[in-house]
Amino acid sequence: MEFSKQQQEFLKAEGNCLVLGGPGSGKTTTSLIKAKNLIKNEHLKNEQKILFLSFARATIARVEEQAGLYESDLINKSIEVNTYHGFAWNILRSHGYLLNSISPLKILPPQEACSRFSTIRDGKRRRKEKIKLFKEEGVVDFDLFAELCYELLSRSDKLLNVISSSYPYIILDEFQDTSYDEWRLINILGKRSTLVALADPDQRIYEFRGADPARISDYIKEFEPFQFDFASINNRSNGTDLIQFGNDLLSGANKSKNYRNVKIIKYDFKKGKGRHSKLKYQTLKVRDKLRKHKKNWSLAILVPTNNLMADVSNYLGSWQSFKSGNKLPGLKHHVAVSKEGTLLAAELILGIIENISLQSVNEDDIISDLVKYFRGRKGDKSPTQDELKLVSALENYLESEKIRGKNRKILIADISRIIKDSKNIELTGDPISDWHFVTEILKQSESKVFKDLIIDASNLKLLYRTSKMLSKLVELWREKNSYVGARRVFQDFILQEHFIASSNEINGIHLMTIHKSKGKEFDEVIIYEGFYQERLVRHRNNVDKARLNLRVACTRARRNTYIFTPTKDPCILIE
């Protein structure tokens, strides 16, 4: 590998460093080579490691794969690649008793957190409730990991010494996206460890979680690092003008230029079968082109919102027949679906399976799980007023056994039927068959509630390595000859998966939001904005944020990016 002058100087530098560079500029690769050199030159003592921290599990998997290219045995023993959450939890799990006498500490699963806190919109009040939960029950929300870890290290100088001695060098990936609490944690670690911050200020798209434009300047002021600029390097999409387009986008210079590898495609508003037809034709065209040239290929379709993602997924997966005689086949694709609704729906189903084992399927448990499902199925987004009214009605029903309204009465009748029908189920010990028995009962429901729940639950296989989860349920059955404890097994599995790198190879067609694409790479990318609330720029006062989002999206590609925008009202960022 040939190194630029800046890369060579970075590899030689001793002390804190700041490396700036755009997508594919080699920040990660060069930092790993620097780590390898430190290890080979015996800068580490026995049991010491170099810590590589990042946000996304997809990034962690990619870094681990890259690390394996450099004398894997040596690297694997001496480099720990982890997420901020994983690193912080390792410390809290072992030393959390210094903050709370309740031991051991427990993690609040993300779906449970959404169910508990989704109706609290005030950030300060929400944080207060999370702190209360930690103090009174020893249950830790993921949002508190960095804050509590900082508090722990700031209280115990001995512990800080142990951690800093264990990790004398720390590499900080995507540094521009660190939150306030993560920055405080980094700050205290940097008092005794050498830091290498990798950053691209133009990829800062996580301001909603506390990323601050001043973070890089704060780092420079606090640690006075050697600074290196890799801006002129492009390893991901070398030979293309994708990075040039992304950089021009930030200043608006892209509007007066033509690009070889960025194509703007305009489309007209259509209803029904034709609404996403132009997108589907382009997807088929790109897919067929990639298939001809590569055995393992990848195409991403990136959209601004979850609602548009759901609609596009339904369209791509279905056949369309037109009056002209033309037909569009269903396309197999992977969807980065929202986790919370899927996990809460799965918990309800597993709750029924577990209660069948106990011969105690009952109304209270099903309704309680439905309440949790409605409160948390949309993640951090609040339930609608209609959903909150239904939740309130169900909670009142648990106390009074009275319900008003036609649809609500249908829901209660469905629950009664589910309880009755579940008594006829004979569990087999095969989790797939037993899951199918219960979902078939739910599918017979008249209420839209259970129809939506089944759709959410069906996404489980898209999110996780279900074979591992199934093996755990089989093991439970063999041990107990029942599914008693199935929910706990499921919850523990999901938490473990949260800390495991997403190692699945990215092949085929992938549909996701722009935010979900951060840290990923694809051969080609289609960016698709819809109409009204599905636009790249939804508010005129949000243009700068939209520029950063679009830059991240278009630079996920290695070769070509296609941007779809409405003909009559094209995106203001490109025209």
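Which backbone oxygen does the side chain of S25 reach? I began my entries on this predicted model with that residue, and I found that the S25 side chain comes to 2.8 Å from the backbone oxygen of G22.

**Entry on the annotated site.** I looked up the UniProt record, an unreviewed entry, and it lists G21, G22, P23, G24, S25, G26, K27 and T28 under "binding site". Both partners of the contact I started from, S25 and G22, are therefore among the positions that the record names, an annotation that may be inferred rather than shown by experiment. I then placed two of these residues in the fold: P23 sits in the loop that runs between β1 (17-20) and α2 (27-40), and S25 is found in the loop between β1 and α2 as well.

**Entry on cysteines.** I searched for disulfides with the requirement that two cysteine sulfur atoms lie within 2.5 Å, and the count came to zero. I looked at C554 in particular, which is in no disulfide, since the nearest cysteine sulfur, that of C571, is 12 Å away. C554 has a relative accessibility of 0% and therefore counts as buried. I looked up C114 too, and at 6% relative accessibility C114 is likewise counted as buried.

**Entry on a helix pair.** I next turned to helix α8 (residues 145-155) and helix α10 (residues 180-189), whose axes lie 8 Å apart where they pack, at an angle of about 30°. Because angles under 35 degrees count as roughly parallel, I described α8 and α10 as roughly parallel to each other. What is the handedness of the crossing of α8 and α10? I noted the crossing of these two helices as left-handed.

**Entry on K545.** Is K545 buried, exposed or partly exposed? Its relative accessible area is 33%, so I recorded K545 as partly exposed, a value that falls between the 20% and 50% cut-offs. I also took the separation of K545 from G429, a residue 116 positions away along the chain, and found their C-alpha atoms to be 51 Å apart.

How values were computed. Residues are numbered from 1 along each chain as its sequence is written. This is a predicted model: local features need pLDDT of at least 70, side-chain atom pairs count only at pLDDT 80 or more; totals for chains, interfaces and linings use all residues. Side-chain values use heavy atoms; hydrogens and water are left out. Buried means under 20% relative accessible area, exposed over 50%, partly exposed in between (1.4 Å probe, protein chains only). Helices (H or I, at least four residues) and strands (E, at least two) are DSSP runs, numbered from the N terminus. A polar contact is a pair of N or O atoms within 3.5 Å; within protein, one must be able to donate a hydrogen and the other to accept it, and residues adjacent in sequence count only if both atoms are side-chain atoms. Axes are lines fitted to C-alpha atoms, for helices over the stretch in contact, and angles run from 0 to 180 degrees between N-to-C directions. Angles under 35 degrees count as roughly parallel, over 145 as roughly antiparallel, 65 to 115 as roughly perpendicular and the rest as oblique. A crossing is left-handed if the near helix is turned anticlockwise from the far one by less than a right angle, and right-handed if clockwise.
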